[in-house]
Amino acid sequence: MSYSQVTKNALARSLKKLMLTKPLHKITIQQLTGDCGVTRHTFYNHFKDIYELLGWVYQTEIIGDLGQYHNCTGWKQGFLSVLYYTQSNKTICLNTFHSLGREHLEGFLYGVIYGVIIKVVEELDAQERERASRQAKQEIADFYALAVLEQVIHWLKAGADTDPVQVVDKVARIMDGSISRGLANYQTTPVQ
């Protein structure tokens, strides 16, 4: 492991440790660097601010492994793994959600959810005789990404206590077949 990676991991561990007892917006760079024994300069060599570090934590701990779930058969398992990660790191995730960094978390989650759903939409569209336009696929993916994101937000607001399987099953029941119907409503001439 490179020195840079070791430093990033140390900063991540310190951030997670501090987030167990302090709201995110009350954690300073000085506290963070003091906890892990690096200088402010070292912090800024790796991250522009604490929110970027937090995004890196989520990216490396959960999002990096989601690529295998970007398809029709795997999206539910990917969604479930994100919710399980959230429950396993509940204090940190809820701290992020309830802090001034909420917009960062929502934007981050939207990007993750959209990335999965656009792949599902493209896979379903490829199975159709008549294909939807790129704009149509993006609109469908945006609609469902926002809907799923709102389910996650509702779950977080309720304390992330509901069994993740129930949340995923609810979303799956509602989405089952609806993306295909949406694509059918947008059909254009066949792709040549």
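## Helix packing

In helix 5, the residues W75, K76, F79, L80, L83, Y84 and Q87 meet P164, V165, V167, V168, V171, A172 and M175 of helix 9, where contact means heavy atoms within 4.5 Å. The residues of this contact of helix 5 with helix 9 divide into 12 nonpolar, 1 polar and 1 charged; Ala, Val, Leu, Ile, Met, Phe, Trp, Tyr, Cys and Pro count as nonpolar, Asp, Glu, Lys and Arg as charged, and the others, Gly among them, as polar.

The model is predicted, so that local features need pLDDT of at least 70 and side-chain atom pairs count only at pLDDT 80 or more, while totals for chains, interfaces and linings use all residues. Residues are numbered from 1 along each chain as its sequence is written, and side-chain values use heavy atoms, with hydrogens and water left out.

Helices (H or I, at least four residues) and strands (E, at least two) are DSSP runs, numbered from the N terminus.

| Helix pair | Angle | Axes apart |
|---|---|---|
| Helix 5 (residues 75-88) and helix 9 (residues 164-175) | about 150° | 9 Å |
| Helix 6 (residues 90-98) and helix 7 (residues 102-126) | about 110° | 6 Å |

The angle of about 150° makes helix 5 roughly antiparallel to helix 9, whereas the angle of about 110° makes helix 6 roughly perpendicular to helix 7. In these terms, angles under 35 degrees count as roughly parallel, over 145 as roughly antiparallel, 65 to 115 as roughly perpendicular and the rest as oblique.

Between helix 6 and helix 7, the contact is made by C93, T96 and F97 on the side of helix 6 and by R102, L105 and E106 on the side of helix 7. The residues of this contact divide into 3 nonpolar, 1 polar and 2 charged.

## A residue of helix 8

L156 has its place in helix 8 (residues 134-157) and is buried, with a relative accessible area of 3%; buried means under 20% relative accessible area, exposed over 50%, and partly exposed in between (1.4 Å probe, protein chains only). Although L156 and F97 are 59 residues apart along the chain, their C-alpha atoms are separated by 7.5 Å.

In the loop between helix 8 and helix 9 lies A160, which is buried at a relative accessible area of 0%. Its phi is near 55°, a positive value in a residue other than glycine.

## Aromatic rings and the whole chain

The structure holds 7 aromatic pairs, with rings of Phe, Tyr and Trp (its six-membered ring) pairing if their centres lie within 6.5 Å, and with planes under 30 degrees apart counting as stacked, over 60 as edge-to-face and the rest as tilted. One of these is the edge-to-face pair of F43 and Y44, at 5.2 Å centre to centre and 90° between the planes. F43 is buried at 0% relative accessibility, while Y44 is partly exposed, with a relative accessible area of 40%. Ring pairs link F43, Y44, F47 and W56 into a cluster.

The protein chain has 10 helices and 0 strands, and of its 192 residues, 44% count as buried.

Definitions and conventions
Axes are lines fitted to C-alpha atoms, for helices over the stretch in contact, and angles run from 0 to 180 degrees between N-to-C directions.
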